[in-house]
Structures are given as structure tokens and as C-alpha cells.
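User: I've got a protein open here and I'm new to this. Can you walk me through it?

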Amino acid sequence: AHCLVDGDNLDTAYPKPAADPHGIRLTEANLTALWRNYTAVGQHRLIYVNTVSVLEYEMIIRSLGGAARVIGVILTATDATVLARLTGREVGGALERHLQRSSAMAAHLDTTASRISRISTDGRTVADVAKDVVEATGWSTAPAQ
């Protein structure tokens, strides 16, 4: 049993609270509430997706009640793949901004999350990437925590 939470949606509010201009506390409060609801219906594993989630272990552990085994995985792609994906997805005028942000974040994660497992997504099916993620997390063999 598992649930999926997209961290990009946890602080989607405008304007952000004056006391929390980056939405950090809002994200944590919403993740805490969602986890409480998911555990109430029997979920015991969380897939939390967000570009910087591999840098937010402490917040994730607090949100999950203080006792959690957190395993970070970064999905990677070449610059050519990123360009193709963002070009296909971006229909407005923000393509260049998205490309710059993607490149900057990849560089940031390379320096700040160097010990996190990385899985290439280039030319691969979703099922193949998911298989590698399950293997990297140990979910296929580890007992639920």
C-alpha cells in the first residue's frame, strides 16, 4: 500500500502568507495533514515527488510523525531529453525560463545531493524507470515501515 503526493501542489497559494513567503511551513502542514489522512485508511508508504525533496529529509520525517525511513531517488535526463520534454510540454512563453531553472537545479542537486541514487530516464519506458526506483528503494523486498 502506498500513496503519491506531488510536493509542487502543497504550497500552491497566492499570495503566500507574509510569515511564510516561500510556502515552506504551508508545505509541511499540508504534507502532515495528507499523511494523517492516508495512514487512517491503511497507507504505510509515501512516494513524495518534488525536485528538491531529496534535500528535505527533516521536513518529511517531521510530517510523517518523526519515525520514517526516507530514501531519495533523483530521476535524470540529458539536456537533449530535457529540451525535448519541455518543448513538448511548454505551450506558453516560459520555455527558456523552464530550461534555465532545470539546468540550475540539476547543477545544485549535483553538488548538494551527491550521495543520492540517480536513475536515468533517457529513452526508457515508465515501467522500466519504475522498476529501477523500486529496486533502489528496496520496496520489493523490505518490510513496510
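User: In what order do the elements run from the N terminus on?
Analyst: This is a predicted model. Its elements run β-α-β-α-β-α-α-β-α, starting from the N terminus.

User: And how many helices and strands is that?
Analyst: The protein has five helices and four strands.

User: What does the C-alpha trace span?
Analyst: About 45 × 40 × 30 Å along the principal axes.

User: OK, helix 4. How many residues does it have, and how far does it reach?
Analyst: Helix 4 covers residues 95–112, which is 18 residues. From first C-alpha to last it reaches 25 Å. That is close to the 26 Å expected at 1.5 Å a residue.

User: Which residues in helix 4 are buried?
Analyst: Leu 99, Met 105 and Leu 109. Look down the axis of helix 4 and its buried residues fall within an arc of 135°, so they line one face of the helix.

User: What do those buried residues pack against?
Analyst: Three elements take part: strand 3 (73–76), helix 3 (79–89) and strand 4 (117–120).

User: Which residues are exposed on the other side of helix 4?
Analyst: Arg 97 and Thr 111 are exposed there.

User: New topic: Ser 63. Where does it lie?
Analyst: Ser 63 is in helix 2, which runs over residues 57–63.

User: Why does Ser 63 count as buried?
Analyst: Its relative accessibility is 3%. Buried means under 20%, so Ser 63 qualifies.

User: What does Ser 63 touch?
Analyst: Leaving out residues up to four places away in sequence, Ser 63 touches Glu 28, Leu 31, Thr 32 and Trp 35.

User: Now Thr 27. Which helix is that in, and is it buried or exposed?
Analyst: Thr 27 lies in helix 1, residues 24–40. Thr 27 counts as buried, because its relative accessibility is 10%.

User: And which residues does Thr 27 touch?
Analyst: Leu 10, Asp 11, Tyr 48 and Met 59, again not counting residues up to four places away in sequence.

User: Back to the whole protein. What share of the residues is buried?
Analyst: Buried residues make up 26% of the 145.

User: What about contacts between residues 24 or more positions apart?
Analyst: They account for 64% of the contacts with a separation of 6 or more.

Notes:
Residues numbered from 1 in each chain as written. Predicted model: local features only at pLDDT ≥ 70, side-chain atom pairs only at ≥ 80, totals over all residues. Heavy atoms only, no water. Helix = DSSP H or I, 4+ residues; strand = E, 2+ residues; numbered from the N terminus. Buried < 20%, exposed > 50% of the residue type's maximum accessible area, 1.4 Å probe, protein only. Contact = heavy atoms within 4.5 Å. Expected span 1.5 Å × (residues − 1). Arc of directions from axis to C-beta.
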